[in-house]
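Trainee: I've got a model on my screen and I'd like to learn how to read it. Can you walk me through it?

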Amino acid sequence: MLYVDMDSFFASCELLRHAEYLGKPLVIGTSEERNKERGVVQTCTYEARKFGIKSGMPIVQAYKLCKELVYIPSDEKYYEDVSDRIFAVLRSYGRPVEQYSIDEAAIDIEGLDYGSAVAMGKELKDRIMKEIGLKCTIGISHGKYIAKMVCESAKPDGLKLLRREEIVPFLKGKAIEEIPGVGPKTASKLHSIGIDTIDKVGSTDVQLLSKATGSFGAELHNIAVGDDRSRVVESSEALSISRERTLESNTTDIKDVYLMADRLVEEVYGDVEKKNVLFKGVGIKIKYDDFTYVTRSTLLKNYSQSKEQIASVARKLFERNFDAKKPIRKIGVKVYSLSRVSGQRRLS
Ligand code: TTP
Ligand code: MG
């Protein structure tokens, strides 16, 4: 598995068009310049991180830490365009790519030996620099979780390979919170059974872990013993019909999500009719205000061409994955596993 994460992404995008701020402590924030005191830091350059500034911190506090701070208000549309160009490079290898956020992805590199994997990582870094002008960090190892952790440990501008036998020593002594996907909830459940480090997860009985953390338990155990089996789940955009749109403002109200979902369903269905295809899969995408993504999908029993079915499955998926604590910025609806109506020739 090869994991790519762009370095100080929004800030680096701004430096592409504001070379005058190169080398300066630069912060990208959520509010316009005139209201900047109200906003929070989305990201900042590594020069700003030296002062202790980080994502999520109030701008006011960031200024207290560094008076010479340069502030630029967030321009998400522009960062999304840059992101699209990066993902075009990542997808150009014809390998499965799973997108985790606006600037992070896992690429399946099955079949490559360590030497070729590192060569691919180097080439990717070179190409992203030459074609887009940005730095990224790449982690290579077995499984998505470990590869992401390796990437994290090699930041910024790094490229690191962790061989299978190096995984357990690498994890030794690390806190459970360092495992991607272990948020405050899972962490507190693990703490309640006396587990604070990844090695303790590895030496704990799987059944006990599952009792505490549900279906994640077995996977956690695998990760901790260096046997991360997670694979890339690809979104096959070419073989699907999809629409996505930004909500008027970030929301924690599921009613806003449903309203927008209905519009997207209309549009997706419009294309289904126009192209005269049947679909078997219905999927959704949720983009949160911290620019992380979640995609979920359901495979139907039979091929369908019903708008109501897209709407009801999409609603169910949105409902099931809704978290009132996480504001949503943008949502998407898609149908996939398409088949032509005439002759029923399968497209995917
Ligand atoms: P990250 O990859 O977490 O951060 P980064 O790319 O800025 O820095 P690095 O990876 O080098 O540590 O997030 C990607 C972008 O998502 C980030 O540039 C801004 C945005 N973001 C937010 O808006 N709010 C947040 O809380 C976080 C974590 C990120
Ligand atoms: Mg990043």
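Trainee: Which polar backbone atom lies 3.1 Å from an oxygen atom of ligand 1?

Mentor: A polar contact is a pair of N or O atoms within 3.5 Å; within protein, one must be able to donate a hydrogen and the other to accept it, and residues adjacent in sequence count only if both atoms are side-chain atoms. Here the backbone atom belongs to M6. A polar backbone atom of F10 sits 3.0 Å from a ligand 1 oxygen, and a polar side-chain atom of D5 is 3.2 Å from one.

Trainee: What should I know about the model and its numbering?

Mentor: It's predicted: local features need pLDDT of at least 70, side-chain atom pairs count only at pLDDT 80 or more, and totals for chains, interfaces and linings use all residues. Residues are numbered from 1 along each chain as its sequence is written, chains are lettered from A and ligands numbered from 1 in the order in which they are written, and side-chain values use heavy atoms, leaving out hydrogens and water.

Trainee: Which residues come nearest to ligand 1?

Mentor: A residue is near a molecule if one of its heavy atoms lies within 4 Å of it. There are 16 around ligand 1, with S8, T43, Y46, R49 and D103 nearest. By type, the shell has five nonpolar, four polar and seven charged residues (Ala, Val, Leu, Ile, Met, Phe, Trp, Tyr, Cys and Pro are nonpolar; Asp, Glu, Lys and Arg charged; the others, Gly among them, polar).

Trainee: How many salt bridges are there?

Mentor: Side chains of opposite charge can pair when their charged atoms come close. The cut-off is a side-chain nitrogen of Lys or Arg within 4 Å of a carboxyl oxygen of Asp or Glu. The whole structure has 29. One of them joins K148 and E104, at 2.7 Å from N to O.

Trainee: Are K148 and E104 buried or exposed?

Mentor: Both are buried. Buried means under 20% relative accessible area, exposed over 50%, partly exposed in between (1.4 Å probe, protein chains only). D199 is partly exposed at 30%, while K172 is exposed at 61%.
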